[in-house]
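Please work through each task with the model at hand before reading the solution.

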Amino acid sequence: MVRIIAGTARGRKLETLEGLETRPTLDRVKEAVFGSLQFRIPYAEVLDLFAGSGGLGLEAASRGAKRVVFNDRNPACVSIIRRNAESLGFSDIVTVWNLDYASAIETLAAEHAPFDLAFLDPPYRDGISEDAVRLLFQKRLIKRGGLVVLEHAADSVPQQIAGVYRVLKTKRFGKCAYSLIEEDEA
């Protein structure tokens, strides 16, 4: 069961895609992530790039984010995100796209729409996480002082790219981990 942990929608359950195609973020991981970001969420502009059921972006909305853009390449996930946002009363601050991550980043860059926070929970085995992080920073989609929160396999911590991004912190939870990443202004 995936649920909203805190905020205006606290305790509400989210619809998720059945099967193994998506991997919702564990509550203990979500609690740690949002605990470290609690003062950054209110009024933030948030991107949930590999959104799945939308759990991370909807948690941010529940905690006071002013705008959340969701993207997932799976049309079934896009439908679930829309239903979850509507049932929680967040339709007015949510935008949902059905693109691959690179196309979503290009579209956002063309719109000049930077974010305070970006959540990335890509499929671990696809090897696309570092490319997505790099593109977000190179296309200036993360505001100065903003963060990318990357969920990844515990044994594959992202490597810094000098002049592009650096990893501030990594926290492990068994087989998964998350890293907080910021711009490297070297």
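**Exercise 1. Determine what covers the buried residues of helix α3, and how those residues are arranged.**

Solution. The cover of the buried residues of α3 includes β2 (13–14), α2, β4 and β5; contact denotes heavy atoms within 4.5 Å. Helices (H or I, at least four residues) and strands (E, at least two) are DSSP runs, numbered from the N terminus. The model is predicted: local features need pLDDT of at least 70, side-chain atom pairs count only at pLDDT 80 or more, and totals for chains, interfaces and linings use all residues. Residues are numbered from 1 along each chain as its sequence is written, and side-chain values use heavy atoms, with hydrogens and water left out.

Step 1. List the buried residues of α3: Cys-77, Val-78, Ile-80, Ile-81, Asn-84, Ala-85 and Leu-88. Buried means under 20% relative accessible area, exposed over 50%, and partly exposed in between (1.4 Å probe, protein chains only).

Step 2. Look down the axis of α3: the buried residues fall within an arc of 165°, so they line one face of the helix. The arc is that of the directions from the helix axis to the C-beta atoms. An α-helix has 3.6 residues a turn, so residues three or four places apart point the same way.

Step 3. Take Val-78 as an example. Val-78 counts as buried because its relative accessibility is 4%. Leaving aside neighbours within four places in sequence, Val-78 is in contact with Asp-72, Val-96, Trp-97 and Asn-98.

**Exercise 2. Check the length of α3 and inspect both ends of the helix.**

Solution. Step 1. Helix α3 (residues 75–88) has 14 residues, which at 1.5 Å a residue should span 20 Å. The expected span is 1.5 Å times one less than the number of residues. The end C-alpha atoms are 20 Å apart, which agrees.

Step 1. At the start of α3, a side-chain oxygen of Asn-74 comes to within 2.8 Å of the backbone nitrogen of Ala-76. Just after α3, Gly-89 adopts a positive phi of about 80°.

**Exercise 3. Is Ile-181 buried or exposed, and which residues does Ile-181 touch?**

Solution. Step 1. Locate Ile-181 in strand β9 (residues 176–183). Ile-181 is buried, with a relative accessible area of 0%.

Step 1. Not counting residues up to four places away in sequence, the residues touched by Ile-181 include Val-133, Phe-137, Val-148 and Tyr-165.

Terms used
A polar contact is a pair of N or O atoms within 3.5 Å; within protein, one must be able to donate a hydrogen and the other to accept it, and residues adjacent in sequence count only if both atoms are side-chain atoms.
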